[in-house]
Amino acid sequence: MIALLRIILKMLPWLIVVALLSWLLIAEKLDIGIAPGAKNTYQSALLTRVESLGKVELVRYHFQEVTEIQKAADRIDLKLFKLPTIVPDSRAVLISKGSAVGCVDLTQVKKDHIRHRKDTVYITLPAPELCYFKIDLENSRLYDLEIQGLSPKDRKLFMEELYEVAEQDIRASALKMGILEETRTNAQNLLQPLF
């Protein structure tokens, strides 16, 4: 009897392992698992502000640009000489797509901007403006990223700076390429036939 008990105790761990493996295989093949319960979703939308818009978008420039930013690692300054740190320089290359839109805000047209002479109406349009400029995050990608030596907080700031530089470059490029002049021309071409 004691011999049989010893044999059972020696084989018990192996039997448990075989039983668990068998259960896992059967559960996988038969797809036995916990069925998902009912999902309840409650949403509430609250309108906080209604804004009247009078800006007419007249031209949109699409950009694709490469932005590279590099930050040198800190050095230890001992006044006589500088000791380099072991941390490598941080570097990132962003290939981004974005757009800039030129528009005219018709809500700025006042009564004194409209003149009528015989059979002609003269309207002095407000100055064209750059409505918005933005990066298309879905179609932008990081090409090269080397930020091993930065803390998580500094990594976040480094990435924010990279996207901000790319976005400001879209703005500067749009202004440099004459988006405001083209907006003025398109405003005249669009509104002249209406009046």
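Colleague: Which residues touch the most other members of the largest nonpolar core?
Modeller: First, a caution: this is a predicted model. Among the 17 residues of that core, Tyr61, Phe63, Ala100, Phe158, Leu162, Ala174 and Ile179 touch the most other members. Two or more residues come from each of strand E1 (55-71), strand E4 (90-105), strand E7 (129-146) and helix H2 (152-176). H2 gives the most, with 6 residues.

Colleague: What makes a set of residues a nonpolar core?
Modeller: The members have to be buried residues of the listed nonpolar types, joined through side-chain atoms within 4.5 Å.

Colleague: How do you know that the length of H2 agrees with what its residues should span?
Modeller: H2 has 25 residues, and at 1.5 Å a residue they should span 36 Å. The expected span is 1.5 Å times one less than the number of residues. The end C-alpha atoms of H2 are 36 Å apart, so the two values agree.

Colleague: Which residues of H2 are buried, and what covers them?
Modeller: The buried ones are Phe158, Met159, Leu162, Ala166, Ile170, Ser173 and Ala174. Their cover includes E1, E4, E7 and H3. After H2 comes Gly178, with a positive phi near 90°.

Colleague: Why is Leu180 called partly exposed?
Modeller: Its relative accessible area is 26%. Buried would need under 20% and exposed over 50%, so Leu180, at 26%, falls in between and is partly exposed.

Colleague: Where does Leu180 lie, and what is it in contact with beyond its neighbours within four places in sequence?
Modeller: Leu180 lies in helix H3 (residues 179-194). Leaving those neighbours aside, Leu180 is in contact with Pro128, Glu129, Leu130 and Leu175. Pro128 is 52 residues away from Leu180 along the chain, yet their C-alpha atoms are separated by 5.7 Å.

Colleague: Let's turn to the largest pocket. What is its volume, and which residues lie nearest its centre?
Modeller: The volume is about 320 Å³. The pocket is lined by 15 residues, of which Ile123, Leu125, Gln188, Leu191 and Gln192 lie nearest the centre. Strand E6 (120-123) and H3 are the elements that give two or more residues to this lining, and H3 gives the most, with 5 residues.

Colleague: How many residues of each class are in that lining?
Modeller: There are 10 nonpolar, 4 polar and 1 charged residues lining the largest pocket.

How values were computed
Residues are numbered from 1 along each chain as its sequence is written. This is a predicted model: local features need pLDDT of at least 70, side-chain atom pairs count only at pLDDT 80 or more; totals for chains, interfaces and linings use all residues. Side-chain values use heavy atoms; hydrogens and water are left out. Buried means under 20% relative accessible area, exposed over 50%, partly exposed in between (1.4 Å probe, protein chains only). Contact means heavy atoms within 4.5 Å. On a 1 Å grid over the protein atoms alone, a cavity is a set of points where a 1.4 Å probe fits but cannot get out, and a pocket is an open set with protein on both sides within 12 Å along at least five of seven lines; lining residues have an atom within 4 Å of a point. Grid points are joined across faces, edges and corners, and a volume is the space filled by probe spheres set on the points. Ala, Val, Leu, Ile, Met, Phe, Trp, Tyr, Cys and Pro count as nonpolar, Asp, Glu, Lys and Arg as charged, and the others, Gly among them, as polar.
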